[in-house]
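Please read the points with the model open beside you.

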Amino acid sequence: MIKAKAGVVSLKVLETDRLILRWQTAEDADFVLKLMNEPSWIRFIGDRGLHSTEDARNYILNGAVAMYESLGFGLYLTERKEGNIPIGLCGLIKRDSLEDVDIGFAFLPAYWGKGYAYEAASAVLAHGKEVFGLKRIVAITNPDNASSAKLLKKIGLQEKGMITLPNDAKEVMFFAIEF
């Protein structure tokens, strides 16, 4: 479904009881800049080197938008229905360093502990299986990120051990679910 929001046309991908997950657009740059510069993002996911709205705009266009165009999925902007407030990102990613598509999520700390990540990740997992016909979805997380590991298990992924991705010295926890 296509909707207009302040002159911006965006594609709504999923809707849950409280959330809308939609394609990111260049107009989401200020939110993405804020999220990716949160101390929790930098600690658990890594510094993406975004220091300006223009950096964030380019990151969206070269990352999420390019993935939508080539694969039909990517990280979706996650908004609360009430007030259309952006609260995080959640979606499917195809990394060159992993054989399978993986699920990823990150939310502003103000929205942690309220079930939003579970609601969004559950919907994305079902969407990957039902719409894209994925037979297996994986996930990686920093071993210090107990909250993400707990959520991955809650949505049905099983911990498979530790892996090291190419060009990265740190080991990450590896999870998978097969349908």
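1. Which residue forms a salt bridge with Lys153? The partner is Glu159, and the closest N and O atoms of the pair are 3.5 Å apart. Lys153 counts as partly exposed, at 46% relative accessibility. Glu159 also falls in the partly exposed class, at 40%.

2. The average pLDDT of the protein is 93, and 94% of the residues score at least 70. Residues 1-9 are another matter: pLDDT stays under 50 over this stretch. The model gives residues 1-9 19 contacts beyond four places in sequence. Where pLDDT is low, the predicted coordinates should not be read in detail.

3. Back to charged pairs. Side chains of opposite charge can pair when their charged atoms come close. Over the whole structure, a search finds eleven salt bridges. One of them links Asp28 and Arg22, with the closest N and O atoms 2.7 Å apart. Is Asp28 buried or exposed? Asp28 is buried, because its relative accessibility is 9% and the cut-off for burial is under 20%. Arg22 counts as buried too, at 2% relative accessibility.

4. Arg57 and Glu54 make a further salt bridge, in which the closest N and O atoms are 2.8 Å apart. Both residues lie in helix α3, which spans residues 53-71. They are three residues apart there, so about one helical turn separates them. Arg57 is partly exposed, with a relative accessible area of 28%. For Glu54 the value is 41%, which again means partly exposed.

5. The nonpolar interior deserves a look next. In soluble globular proteins, nonpolar side chains tend to be buried together. Here the largest nonpolar core has 50 residues, and Ile103 and Leu157 are those with the most contacts inside it. Beyond its neighbours within four places in sequence, Leu157 touches Ile103 itself, along with others including Leu125, Ile137, Leu152, Phe175 and Ile177. A second, separate core has seven residues, among them Leu98, Val138, Phe174 and Ala176. Val138 and Ala176 are also in contact with Leu157.

6. Why is strand β6 described as largely enclosed by the rest of the structure? Six of the six residues of this strand, residues 102-107, are buried. Ile103, Phe105 and Phe107 point one way from β6, while Asp102, Gly104 and Ala106 point the other way. Strand β5, residues 85-93, pairs with β6 in the antiparallel sense over six bridges. Gly91 is placed opposite Gly104 of β6.

7. Finally, consider a loop residue. Phe132 sits in the loop between α4 (116-130) and β7 (136-141). Its relative accessible area of 29% makes Phe132 partly exposed. Phe132 and Leu71 are 61 residues apart in sequence, and their C-alpha atoms are 9.5 Å apart in space. Leaving aside neighbours within four places in sequence, Phe132 is in contact with Leu71, Gly72, Phe73, Tyr76 and His127.

Key. Residues are numbered from 1 along each chain as its sequence is written. This is a predicted model: local features need pLDDT of at least 70, side-chain atom pairs count only at pLDDT 80 or more; totals for chains, interfaces and linings use all residues. Side-chain values use heavy atoms; hydrogens and water are left out. A salt bridge is a side-chain nitrogen of Lys or Arg within 4 Å of a carboxyl oxygen of Asp or Glu. Buried means under 20% relative accessible area, exposed over 50%, partly exposed in between (1.4 Å probe, protein chains only). Helices (H or I, at least four residues) and strands (E, at least two) are DSSP runs, numbered from the N terminus. Contact means heavy atoms within 4.5 Å. A nonpolar core is a set of buried Ala, Val, Leu, Ile, Met, Phe, Trp, Tyr and Cys residues joined through side-chain atoms within 4.5 Å. Two strands pair if DSSP finds at least two bridges between them. pLDDT is the predictor's confidence in each residue, from 0 to 100.
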